[in-house]
Amino acid sequence: MEKGLISVDRWSQGSQAYLLTHLHSDHTSGLTSAWSRGPLFCSRITAKLFPFKFPDFDLSLLRVLEDGSWYSVPLVSPSSGSETVVQVMAIDAHHCPGAVMFLFRGNFGCLLYTGDFRWEADSERAKKGRTILRDALKNDVIDILYLDNTYCNPSYVFPSREVAAQQVVDIIASHPEHDIIIGIDSLGKEDLLIHISRKLKTKIWVWPERLQTMHLLGFHDIFTTKTTLTRIRAVPRYSFNIDTLESLNAMRPTIGIMPSGLPWVKPTKGNANLFGSLLTSHYRRSRSSSNGGKADEMTGNLRSIDRFHQYIYSVPYSDHSSFTEIQEFIELAKPINMKGIVSASACYVEPLYYFGRLCGVRQTSQTLYVKHEKEEEGKRVATNESKYCFRDFNPNAEKRKRKNTALGVYLSRVSALRRKRCGAKIVESESSI
Ligand SMILES: [Zn+2]
């Protein structure tokens with residue numbers, strides 16, 4: 001696609017149309033109430049939530065894309081000055097409320113930008129998404145897939161959200177005398193909270209702004225801001241830490257539950273907020289049982305739950321696709337080429353590294369860029385990018401990457417970095433991998 005036409009989840013000037021996949025803050029960095037650089041395309045739910053996040057935004061800039069329909073966006077070619085039309089379709093990403101992926105079609109070919117997504121094997125919404133994508137493509141081929149590669153590593157094996165939600169219910173039910181706090185973001189994990197509420201027949205406390213969001217999403221009876229009505233509270237993720245849990249336990253027995261695809265790191269000095277993540281062999285272990293772990297994934301028991309602290313459970317409830325789901329998605333999309341939208345770390349690799357063989361790219365022309373970082377006088381310093389050429393899976397590179405994953409809390413800072421690097425101006429220079 002020619003430069004200067006479209007940006008996705010990126011808000012600096014220089015494009016004629018802007019598209020927002022969803023409202024998580026790592027995708028809205030640079031977007032403000034005063035932003036007015038052009039029309040902003042998003043899903044209907046995102047448009048509904050938008051004024052709450054950006055109160056004085058000029059809403060006449062919003063353009064709603066209904067799920068599964070093609071829209072033509074007339075733009076002007078910066079190079080020729082003539083009109084060019086880009087077609088775009090939003091498809092449910094099943095990540096958080098309003099999250100969509102975008103399929104583009106035009107004289108540049110066909111591109112798919114997933115944003116953050118989770119398409120589980122048995123999810124009805126994902127099944128619908130697959131049908132829409134197949135029908136939309138017909139005989140077209142995706143030239144470039146921009147992919148959510150958050151968990152693009154074979155270590156990331158976790159169950160469906162349905163199974164993980166039941167694990168959360170089981171933990172709560174096994175602590176009948178405890179107060180419960182659950183760490184969540186300002187958007188997302190609603191299905192988990194609703195599952196808990198229905199199974200345990202209780203309301204769930206949320207903070208006042210979150211209650212407004214719940215009401216905007218149409219959930220009127222399940223959530224409350226009155227602490228006396230329930231022992232289960234969903235709290236902002238940033239306030240979920242050991243200090244909080246210890247303070248609460250000084251008053252009443254309380255446990256914390258952190259739903260995430262990432263196992264959590266025990267805090268060290270300077271990392272008291274339990275912010276980080278660490279790849280461990282934990283999920284690999286749970287997967288190594290018979291049937292490649294399928295049985296474990298489906299039982300819904302608590303064997304795969306880690307208790308990282310006496311007051312804290314980590315439950316593998318993820319709104320991003322697991323490694324296996326990423327592979328299944330690539331097999332469905334059959335792109336000619338692809339590029340990860342998470343690009344800022346040593347441990348998150350380009351999907352071509354693992355899945356290049358599934359693409360139509362000539363293997364000899366594939367290159368992979370992995371950022372290396374080194375410790376230098378106590379500081380991490382990004383070195384020049386290294387270039388790897390490969391034909392197939394490279395066991396030495398895998399060993400090297402595993403070694404990186406042993407660096408503990410260091411990865412947590414990397415995972416913070418990745419949140420700043422989402423979004424793309426959809427231009428040809430970005431697609432040449
Ligand atoms: Zn997100």
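Is isoleucine 312 buried or exposed? This is a predicted model, and in it isoleucine 312 is buried, because 21 other C-beta atoms lie within 10 Å, where the cut-off for buried is 20 or more. Isoleucine 312 belongs to strand β16, residues 312-315. Glycine 256 is 56 residues away from isoleucine 312 in sequence, yet their C-alpha atoms are 4.6 Å apart.

Now the overall picture. The protein has 433 residues, and 39% of them count as buried. Its secondary structure consists of 13 helices and 22 strands. Take the contacts with a separation of 6 or more: 66% of these are between residues 24 or more positions apart.

Next, the cores. The largest nonpolar core has 61 residues, and within it Val88, Phe102 and Leu112 touch the most other members. There is another core apart from that one, with 27 residues, and isoleucine 312 is among them, as are Trp205, Phe240 and Met258. Going back to leucine 112, which residues is it in contact with, leaving aside neighbours within four places in sequence? They are Met101, Leu103, Ile142, Leu145, Tyr146 and Ala333.

On to helix packing, with two pairs to show. Two packed helices are described by the angle between their axes and the distance between the axes.

The crossing of α3 past α4 is right-handed. On the α3 side the contact is made by Arg161, Ala165, Val168, Val169, Ile172 and Ala173, and on the α4 side by Asp191, Leu192, His195, Ile196, Lys199 and Leu200. By class, the residues of this contact are 8 nonpolar, 1 polar and 3 charged.

The other pair is α1, residues 44-53, with α5, residues 208-216. Here the axes come within 10 Å and cross at roughly 155 degrees. Why are α1 and α5 called roughly antiparallel? Angles over 145 degrees count as roughly antiparallel, and the crossing is at roughly 155 degrees, so α1 and α5 are given that description. α1 also passes α5 in a right-handed crossing. In this contact Lys48, Leu49 and Phe52 from α1 meet Gln212, Thr213 and Leu216 from α5. The classes here are 3 nonpolar, 2 polar and 1 charged.

Lysine 138 has a phi near 45 degrees, which is a positive value in a residue other than glycine. Lysine 138 sits in the loop between α2, residues 124-137, and β9, residues 144-147. Because lysine 138 has 6 C-beta neighbours inside 10 Å, it counts as exposed.

Lysine 334 also has a positive phi, near 45 degrees, and is again a residue other than glycine. Where is lysine 334? It lies in the loop between α9, residues 323-333, and β17, residues 337-340. With 13 C-beta neighbours inside 10 Å, lysine 334 counts as partly exposed, since the exposed class ends at 12 or fewer.

That is the end of my list.

Terms used: Residues are numbered from 1 along each chain as its sequence is written. This is a predicted model: local features need pLDDT of at least 70, side-chain atom pairs count only at pLDDT 80 or more; totals for chains, interfaces and linings use all residues. A crossing is left-handed if the near helix is turned anticlockwise from the far one by less than a right angle, and right-handed if clockwise. Helices (H or I, at least four residues) and strands (E, at least two) are DSSP runs, numbered from the N terminus. Two residues are in contact if their C-beta atoms, placed from the backbone, lie within 7 Å. Ala, Val, Leu, Ile, Met, Phe, Trp, Tyr, Cys and Pro count as nonpolar, Asp, Glu, Lys and Arg as charged, and the others, Gly among them, as polar. A nonpolar core is a set of buried Ala, Val, Leu, Ile, Met, Phe, Trp, Tyr and Cys residues joined through C-beta atoms within 7 Å. Axes are lines fitted to C-alpha atoms, for helices over the stretch in contact, and angles run from 0 to 180 degrees between N-to-C directions. Angles under 35 degrees count as roughly parallel, over 145 as roughly antiparallel, 65 to 115 as roughly perpendicular and the rest as oblique.
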